[in-house]
Amino acid sequence: MTDSLSSASNDENSALLREQRNSYNSYDKCNRDDCDDDSTTRSTVQENVDSISFRIKLVVFCILLTVLGDSITLASVSANVVLFANARLGFTNPQAVTLNFIYSGTRCAFPLLGGYLADAYLGQYNVIFASGLIYIVGVVAIFSITVPYGSPFSNGAKTVFYLLGLLMVAAGSGGVKSNIPPFGANQLQHCSQSVIQRYFAWYYFSSNAGALLSFTLVAYIQQNISFFYGYMIPTITVAMSTIIFASVRNYYQIYSPKSSMLGDIIRITWQSFKSKFSCKTTASIERKNIHSFFDYAKKENGGNFDASIVNKIKPIGRVVPIFILIILFRTIYFQMITTWFLQGETMNLYLGNLKLPAAALISFDIISVLIFIPIVNYGVYPLYRKIFGKPITSLQRMGTGMVLASLAMAVAGIVEKYRLIDVHQHPMSQSISGEVFNASANVSILAQIPQFALIGLGETFTSITGFEFTYSEAPEELKGIMTGLYIMAMGLGSFVGPLVISIVNGITHDPKIPNSQWIPKNINNGHLDYYFYFLS
């Protein structure tokens, strides 16, 4: 009996592996560059190579334009929340910062809800389109209170409109971001994995291109010209992106939602946990029947669930460690807008007679991502395949990105070491937004370029691969939820960073020693270089 159960388990696992290997090319396969003329849609309608090629290129192009518009819109609304709340709504600095913190946290939560609704009830297309409409209403609400003439709104009404607008932007962007990556990949399910890999690369490229436009052009307009024109741009882009997305509906492969497995996952995880750590239960289970943590919930091992259901969710066990890895990577990534910004403030900002903004090099990260995505996907990966005779694996790509992030922090530490030496030997007075800093006279802010370039290259390997890996491993019933969880994991890195700083300062603080903290208020009196080495 035991042998037959073991054989059945092995057959089920083999079937699962075959199903996963075929997840990218259900029914018929495509070649590595485009679908061939034998491809069959899920409705079993035969199409020739030209029509398939046109359909795929059209829908992917429209999806990427939607991603671009979403990124421009979200970044344009998010870039100056603190400034707008201060200048237009009369918020104090602590109130404005708290609002921005709550808004950022809310944005992290909505992708999970959007993914769940798509997987369980509405389907990906419907959630994306409905989220786009919510998005439009939210941005219009914000734009309406910036009208410079004859505004009928009191300050209290403006505040209400702004808060509701932010909430709807967070909800709309959450529904779009959790579903559009897997929705786009679903259009390519009859194509090879390399095609889907490139789709996720161009998805990330489009997202970063939109952010670059927002943090440079749109943010400049908002800060130096007018909030009216600054919010007019995202109002136009969100409307255009929603129209573009819906305009090719007849060309999409749209699949009906399946019942969500979220409840099954929770129950299977709980039962597996109880069985694994129950001495009585564990002793009665044949060890050779246990191949993963979730196997404890199978009926053949004393659980309540069919092997087919358990096998479907087993890939999630491979995704969870990736989420942890992404949280760590994004903790380093968010140093760009925190500790690297502090470092930049105390470096020489002058390039000849031109004074650069302290945050100028944050855009260099986005630029480096835009440069490296084509190089890596069309140069590095094919070269690796040519040399080693096989494609580079997802884990190898993500590991490479983590190594590059580690190198970025090591380089930042070296730069900080020499900056600290120079700022004490050759200090210069430097004013930023009315606040005067002692800066390093001989260490230019351009010395930060290598660390920004390295973190951008690391993103190209790690963040993009994370999207692709999550999509490929998630069951069909959970692709939206898993993408939402992945986006949430990316956002959690911004919350882990301040926690790490608090812990490090708590450990390094010694009341008997002046300036003992690694990251004091005045970093010229601390050891930010040690903190960078620690993160590395």
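Which backbone oxygen does the side chain of R55 reach? The side chain of R55 reaches the backbone oxygen of Y251, at 3.5 Å. The legends below describe this and other close-up views.

The model is predicted: local features need pLDDT of at least 70, side-chain atom pairs count only at pLDDT 80 or more, and totals for chains, interfaces and linings use all residues. Residues are numbered from 1 along each chain as its sequence is written, and side-chain values use heavy atoms, with hydrogens and water left out.

**Figure 1. Overview of the chain.** The secondary structure comprises 18 helices and four strands (DSSP runs numbered from the N terminus: helices are H or I of at least four residues, strands are E of at least two). Of the 536 residues, 51% count as buried (buried means under 20% relative accessible area, exposed over 50%, and partly exposed in between, with a 1.4 Å probe and protein chains only). Among contacts with a separation of 6 or more, 77% come from residues 24 or more positions apart (contact means heavy atoms within 4.5 Å).

**Figure 2. R55 in helix α2.** R55 is found in helix α2, which spans residues 49–78. R55 counts as buried because its relative accessibility is 8%. The distance from its side chain to the backbone oxygen of Y251 is 3.5 Å (a polar contact is a pair of N or O atoms within 3.5 Å; within protein, one must be able to donate a hydrogen and the other to accept it, and residues adjacent in sequence count only if both atoms are side-chain atoms).

**Figure 3. T237 in helix α8.** Helix α8 covers residues 227–247 and contains T237. T237 has a relative accessibility of 15% and therefore counts as buried. Not counting residues up to four places away in sequence, T237 touches G69, I72 and T73.

**Figure 4. Packing of α6 against α7.** Helix α6 (residues 155–186) and helix α7 (residues 193–224) pack at an angle of about 145°, and their axes are 9 Å apart (axes are lines fitted to C-alpha atoms, for helices over the stretch in contact, and angles run from 0 to 180 degrees between N-to-C directions). The crossing of the two helices is right-handed (a crossing is left-handed if the near helix is turned anticlockwise from the far one by less than a right angle, and right-handed if clockwise). From α6, the contact is made by K177, I180, P181, G184 and A185; from α7, by I196, Y199, F200 and Y203. These residues divide into seven nonpolar, one polar and one charged (Ala, Val, Leu, Ile, Met, Phe, Trp, Tyr, Cys and Pro count as nonpolar, Asp, Glu, Lys and Arg as charged, and the others, Gly among them, as polar).

**Figure 5. N186 in helix α6.** N186 lies in helix α6 and is buried, because its relative accessible area is 2%. Leaving aside neighbours within four places in sequence, N186 is in contact with Q124, Y255, Y471, E476 and K479. N186 and I254 are 68 residues apart along the chain, and their C-alpha atoms are separated by 8.5 Å.

**Figure 6. Crossing of α7 and α16.** The axes of α7 and helix α16 (residues 449–473) come within 9 Å and cross at roughly 125°. This angle makes α7 oblique to α16 (angles under 35 degrees count as roughly parallel, over 145 as roughly antiparallel, 65 to 115 as roughly perpendicular and the rest as oblique). The crossing of α7 with α16 is right-handed. Residues Q193, Q197, F200, A201, Y203, Y204 and N208 of α7 meet E459, S463, I464, F467, E468 and Y471 of α16. The contact divides into seven nonpolar, four polar and two charged residues.

**Figure 7. Packing of α15 against α18.** Helix α15 (residues 394–425) and α18 pack at about 170°, with axes 8 Å apart. The two helices are therefore roughly antiparallel. In α15, M409, A410, A412, G413, I414, E416, K417 and L420 meet L528, D529, F532, Y533 and L535 in α18. Nine residues of this contact are nonpolar, one is polar and three are charged.

**Figure 8. L535 in helix α18.** L535 lies in helix α18, residues 528–535, and is buried, because its relative accessible area is 15%. Beyond its neighbours within four places in sequence, L535 is in contact with I332, Q335, M409 and V500. L535 and Q335 are 200 residues apart in sequence and 9.9 Å apart in space, C-alpha to C-alpha.
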